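Subject: Structure for your files

Dear colleague,

Here is the structure I said I would pass on. Please look it over with the notes that follow.

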Amino acid sequence: MRNVRTILLSLICLFVAASAMDTHKAHALSSSTIVATTDQTSYYVGDTVKVIIKGENILDLSGVGFTLNYDPSQLSLQGDGLVLSSSYETFGGAIVDTINGRLTYDILNKAPVQITKTEAIGQIHFKALKSGIGMIQLRGITAVNGNLVQVQSSTQMQTAFSIGTRLPVNAPVTTATLTPDTPNGENGWYKTDVSVSLTVSASEAGGVVTTEYQVNDGAWNTYTGSIPAFGDGTYKLGYRSKDQAGNEEALKTVEFKVDKKAPTQSSSSNPTSTIPTTTTPKPTTTQIVKQNDLPAAVKGRIAVQMEEGKDTVLLPSHLTDLIGDNSLQFVQKDFTIEFSKEALKNMQGALAGKQAEGAQLSFSATIVSHDEVTNLVHDAINGSTRVVTASQVYDFNLHVVTTDGTRIPITTFKEPLVLSFKVNPNADPHLLGVYYIAPNGTIQYVGGTLVNGMMTVKVTHFSQYAVLEYNRTFSDVASSLWASGVIKKMAAKHIIEGVTDTEFNPEGHVTRAQFAALLARALDLKAVGSAHYKDVNPGDWHAQVIAAVSESGIVFGRSSDTFAPDDAITREEMAVMAVRAYEHVKGEQVKLTNTSSFSDQDQIHEWAQNAVRAAQEISLIQGRSSNQFAPQALMTRAESAQVISNLLND
């Protein structure tokens, strides 16, 4: 078969030489190219990767030959290989080597046309086998026109794409079983040792499951099949499981008490030994919502209005049945919080067996005092940062209350809750964000979107939250600097950082890893796998952000195995990355309508031309002086802040 191709190419060369002496027959276009592209820039393991072989700007294409290389450990060929468009046919068969990942084809065009156009020659389908950065390479590309004039001869071209891993939908579910299963002493006490066993139900897709437990909020221990028996004392046993894919179950607890001297539980058949039951009065700050109190759903949401002076709401049992397919929202004058139906189901799943029967959900939101807030955020204030509250500070708590009065805290959520705060209208809207305030006073930025005086964010755990105004200044950023405002705004969003606590270095250069980190923070990108570059080690500070932007198809390496994280980024590289980020957010490519260009447009590399035009079209970038883009100039830290701000449309 190779001999046939050799003969064909030899004939082509003879005709090429002959046509050179007859110039009116030579009408090859140097801009004609044969390329391989993929239908998407990112896939999941198990997806079909469609590789399209097409001719760009082709005129009178008569024949083409090429070899396509791929990694067989990452991609599995589907079907017989190349499926040609109707006007093309193979010449002399094909070489399909799936062991080494090499496909070689010689193709003839049955109906060449005398117009310049771009058209698909055929498709090759692969199945994605493992996560990472995939690469398709075309080598030995040869194309001829109707006069057998060679219109393309190149050694190779390559296309990169990312492959991620889908996580299982559900976290593991752990069930605790006590022996004896019910208290055998009076007043809920056990009068014998209590043993506890844990069982786990989990999806196989999540991989290996690890279960751990703690006693009375102590250190966590890995569960290996047994827990030492519990003697006299009062206990709170916490437990949870996590699978290999990273799905973690919300903390569950079970409480019990052991006193071997406690009286034996009286028989209910003996009326003279019946102990009268007493009901502990509900605190006056608790609002009890019964089944008939639940309002009708409006647009898929049931909104429970918290009464004035109430900071706790006790909901009826079988809540998920009552809510149905709707979400549940608590509304208070200073905040709203919404639980999706999936979040409510996960909370109900925190209990099993007898504990689940008749259990109720208790939600509380307590205002933290001004003095306590001042003490909490004191450590967040230093010489270059000023932090003030722009909303009430609330301490949120959620419990499942069983029929015996046991309160089981739920502190983390697999499905995020939507939290909205009413914001002080006098606060600077550009410097606001929702923060989690830890018990030790440290603050953690959560995010937030401000619309009509309400700042909304998604949270995955409960604690103290508030909207804070975060005003950071840098000694080397004067208020007269063109980028001073945008630097302050991006610092408030915790996207950019200073080179020290007090300096920003606005004219300093930005590395490829640093800009990848800015994009990952701005778009809240999380890595599924790891970065597959030989110059990016798992322990590097930038390893996860590089993996995240690579998996999202926003930033690729300088080659298939080299990222060059410490190289300074040029302005044209920045334009390519920023446009890909914009398209990732919008879910579609930028449509070019603006015909204007920079005065140094011809100095922009061909691979960046469209991206620079697109970035100018959507106002992601601006030129420097005299309408020059300066494509090979190094990007400054001030410019990077402006680009990210433009990307966020902030």
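This is a predicted model: local features need pLDDT of at least 70, side-chain atom pairs count only at pLDDT 80 or more; totals for chains, interfaces and linings use all residues.

Six strands make up an open sheet of mixed pairing, ordered E19-E21-E22-E27-E31-E30. The edges are taken by strand E19 (301-305) and strand E30 (449-451); each has a single partner strand, so one side of each is left without a neighbour in the sheet. From one strand to the next, the twist averages 25°. Within the sheet, strand E27 (residues 412-422) is antiparallel to strand E31 (residues 454-461), and seven bridges join the two. Leu 417, for instance, has Val 459 of E31 as its bridge partner.

Aromatic residues

There are 26 aromatic pairs in the structure. One of them is the edge-to-face pair of Phe 330 and Phe 339, with 5.7 Å between centres and 90° between the planes. Both Phe 330 and Phe 339 are buried. Tyr 394 and Phe 396 form a stacked pair instead, at 5.8 Å centre to centre and with 25° between the planes. Planes under 30 degrees apart count as stacked, which is why this pair falls in that class. Tyr 394 is buried at a relative accessible area of 0%, and Phe 396 is buried at 1%. Ring pairs also join these four residues into a cluster with others, including Phe 335, Phe 363, Phe 413 and Tyr 465.

Two arginines sit over rings. The charged end of Arg 571 is placed over the ring of Phe 629, 4.6 Å from the ring's centre. Arg 637 lies over the face of Phe 504, with 4.3 Å to the ring centre.

In soluble globular proteins, nonpolar side chains tend to be buried together. The largest nonpolar core here comprises 59 residues, and those with the most contacts inside it are Ile 487, Ile 496, Phe 515, Leu 519, Ile 546 and Ile 621. At least two residues of this core come from each of helices H5 (484-492), H6 (512-523), H7 (543-551), H8 (571-586), H9 (606-617) and H10 (637-647). H6 gives the most, with nine residues. Leaving aside neighbours within four places in sequence, Leu 519 is in contact with Leu 525, Val 549, Ile 554, Val 555, Met 577, Ala 581, Ile 644 and Leu 647. Another core lies apart from this one and has 44 residues, among them Ala 343, Met 347, Ala 390 and Phe 396. Phe 396 is thus a member of that core as well as of the stacked pair with Tyr 394.

Helix H10

How many of the 11 residues of H10 are buried? Nine are, so the helix is largely enclosed by the rest of the structure. Among the buried residues are Arg 637, Glu 639, Val 643, Ile 644 and Leu 647. Arg 637 is the residue that lies over the face of Phe 504. The buried residues of H10 pack against H5, H6 and H8. Just after the helix, Asn 649 has a positive phi of about 55°.

A loop glycine

Gly 309 is in the loop between E19 and strand E20 (312-314). Gly 309 is exposed, with a relative accessible area of 60%. Thr 286 is 23 residues away from Gly 309 in sequence, and the two are 8.9 Å apart in space, C-alpha to C-alpha.

Regards

Notes: Residues are numbered from 1 along each chain as its sequence is written. Side-chain values use heavy atoms; hydrogens and water are left out. Two strands pair if DSSP finds at least two bridges between them. Helices (H or I, at least four residues) and strands (E, at least two) are DSSP runs, numbered from the N terminus. Axes are lines fitted to C-alpha atoms, for helices over the stretch in contact, and angles run from 0 to 180 degrees between N-to-C directions. Rings of Phe, Tyr and Trp (its six-membered ring) pair if their centres lie within 6.5 Å; planes under 30 degrees apart count as stacked, over 60 as edge-to-face and the rest as tilted. Buried means under 20% relative accessible area, exposed over 50%, partly exposed in between (1.4 Å probe, protein chains only). A charge sits over a ring if NZ of Lys or CZ of Arg is within 6 Å of the ring centre and within 35 degrees of the ring normal. A nonpolar core is a set of buried Ala, Val, Leu, Ile, Met, Phe, Trp, Tyr and Cys residues joined through side-chain atoms within 4.5 Å. Contact means heavy atoms within 4.5 Å.
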